[in-house]
Amino acid sequence: KLSTNGESLQPSTFTEYLIIRHDNPWISKQKYSYQHYLGSLSNRILDNPENNQTERHNAYLTQAQHAYSGVVDPLPEREFSISASRLDHLLKCPQRYWYAEVLGVAGLDEDPENSVRRRLGNFIHKLLEDFGNPEFDGVDGFDLLSDDFDEAVNYLADLADQVREDYHFDGELDLLTTGKLIPFLDGLRKTPDYTLLGRLLKWNAPFADQFQQRYFEQPFGMSDREDSWPGVIISKPGEDLTLILRGIIDRVFCNAGSVWAVDYKTGQVTLKDSREFYESQLFVYWLAIQQRFPGKTVVLSYEKLRSLKPGEQGISELVGNLKPGHPVVDGVKSRKNDLPIDDTPGSGNALSTARIMDQLIAFARPLKSGEFILTTRDEKRACQYCKFEQICRKTTVFHRRTPDAENDAAKCEPPRSC
């Protein structure tokens, strides 16, 4: 053996006593490609499983609970304090919750783009909190906005310079992050209509003087915060499970009879996920605000700050008591997919507070039962953005029972042996 310089290489004294093996002892006794699984073994029991892969295959076909199903002993606790983000894991996939919240497993690879989006989101939230909070420097930016739009724009631009220093969004190492800030801040003072933050002020201007009481980054259910509202307690007769909901609401505006709560979103968002209970955030906020302001008309919305493209910025469709008389209901036009919540008896198919609570309790049952099984919901939506794809058990080929499959059980053939 020669090096790149033509010099002779001496073997290590450790390796010269090793015996070279020409076989590979780590090769499985029986290998199955993914295509072979799909084409030949799906829904068939293997007579002689020879490794973990084939044992798992048989277990999913023959047993309701087994070593591979994510089922653990029932937990002794009865009350669980939980945020919307953790509850969303349960809505999408109980096994996803098990990995993230019980085992504390971190993703194998940190996506730099996700890190940038997270920093950007934190920056925007902090900037808008300081803009509206008079405790920061004695100025309420929304009071300015109701009197003088240009003055409010300049105040927001001044704050942005201060917050950027705190978040260190300068220098060559932050070129990617500063690039992401361009749609938000570039030209804010001179051409606010061509920036996301300028447009945010513009669409909030008609409502700034209609709400006299304002809360920013408002916590609820957080015992370590003096300014926290009480947590929302959800339970159901006959269920040995109680949820105590907690979280932080980006912005809450109130007047004598109305409440408007907002969550800022710099990423993609759709009310379809809320409507079909793939996301719980707006429902958790709804319950917290209903508890804090009983008797008032409550409306929630996202404020989208993703890009300057149509449909990716502005006030989203609305959720809540969507009856005339609320300033936002009357003032926001061209809404096609609102999500009304109506507790009036005989309100038909409208979503109710009672149904929201029942659904959240139903999806949270694994917390008590210990059955953190693989999702039975639409994988395209339940598994989107999941960071546990490399270790997820959904790659096992078996026919999981779904509502449609159960309805057609009579048409299904029993598992065959091979």
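What follows is a working chat about the predicted model shown above.

User: Before we start, what do the residue numbers and the model rest on?

Analyst: Residues are numbered from 1 along each chain as its sequence is written.

User: What pLDDT does the chain average?

Analyst: The chain averages a pLDDT (the predictor's confidence in each residue, from 0 to 100) of 82, and 78% of the residues score at least 70.

User: And where does pLDDT stay under 50?

Analyst: One such stretch is residues 25–29, for which the model has two contacts (heavy atoms within 4.5 Å) beyond four places in sequence. Another is residues 397–418, with 31 contacts beyond four places in sequence. Where pLDDT is low, the predicted coordinates should not be read in detail.

User: OK, how many helices and strands are there?

Analyst: The chain has 17 helices and ten strands, taken as DSSP runs numbered from the N terminus, with helices being H or I of at least four residues and strands being E of at least two.

User: Is helix 3 mostly buried or exposed?

Analyst: Seven of the nine residues of helix 3 (residues 84–92) are buried, so this helix is largely enclosed by the rest of the structure. Buried means under 20% relative accessible area, exposed means over 50%, and partly exposed lies in between, with a 1.4 Å probe and protein chains only. The buried residues of helix 3 are A84, L87, D88, H89, L90, L91 and K92.

User: Which residues touch the most other members of the largest nonpolar core?

Analyst: Of the 50 residues in that core, these are L87, L243, L245, V252, I289, L300 and I356. A nonpolar core here is a set of buried Ala, Val, Leu, Ile, Met, Phe, Trp, Tyr and Cys residues joined through side-chain atoms within 4.5 Å. Helix 12 (residues 281–292) gives the most to this core, with eight residues, and a second, separate core of 41 residues includes F211, L318, V329 and V332.

User: What does L243 touch?

Analyst: Leaving out residues up to four places away in sequence, L243 touches F80, I82, V232, I233, I234, L360, I361, A364 and L367.

User: Switching to rings, how many aromatic pairs are there?

Analyst: A search of the whole structure finds 17 aromatic pairs. Rings of Phe, Tyr and Trp (its six-membered ring) pair if their centres lie within 6.5 Å, and planes under 30 degrees apart count as stacked, over 60 as edge-to-face and the rest as tilted. One of the pairs is Y97 with F372, which is stacked at 5.8 Å centre to centre and 5° between the planes.

User: Which parts of the chain does that pair tie together?

Analyst: Y97 lies in helix 4 (residues 94–102) and F372 in the loop between helix 15 (366–369) and helix 16 (379–382), so the pair ties together parts that are 275 residues apart in sequence. Y97 is buried at a relative accessible area of 10%, and F372 is buried at 1%.

User: Which residues do ring pairs link into a cluster?

Analyst: The cluster holds F131, F142, Y155, F207, F211, F216, F253 and W260.

User: And what sits over the ring of F253?

Analyst: The charged end of R251 does, 4.4 Å from the ring centre, where the criterion is NZ of Lys or CZ of Arg within 6 Å of the ring centre and within 35 degrees of the ring normal.

Key
This is a predicted model: local features need pLDDT of at least 70, side-chain atom pairs count only at pLDDT 80 or more; totals for chains, interfaces and linings use all residues. Side-chain values use heavy atoms; hydrogens and water are left out.
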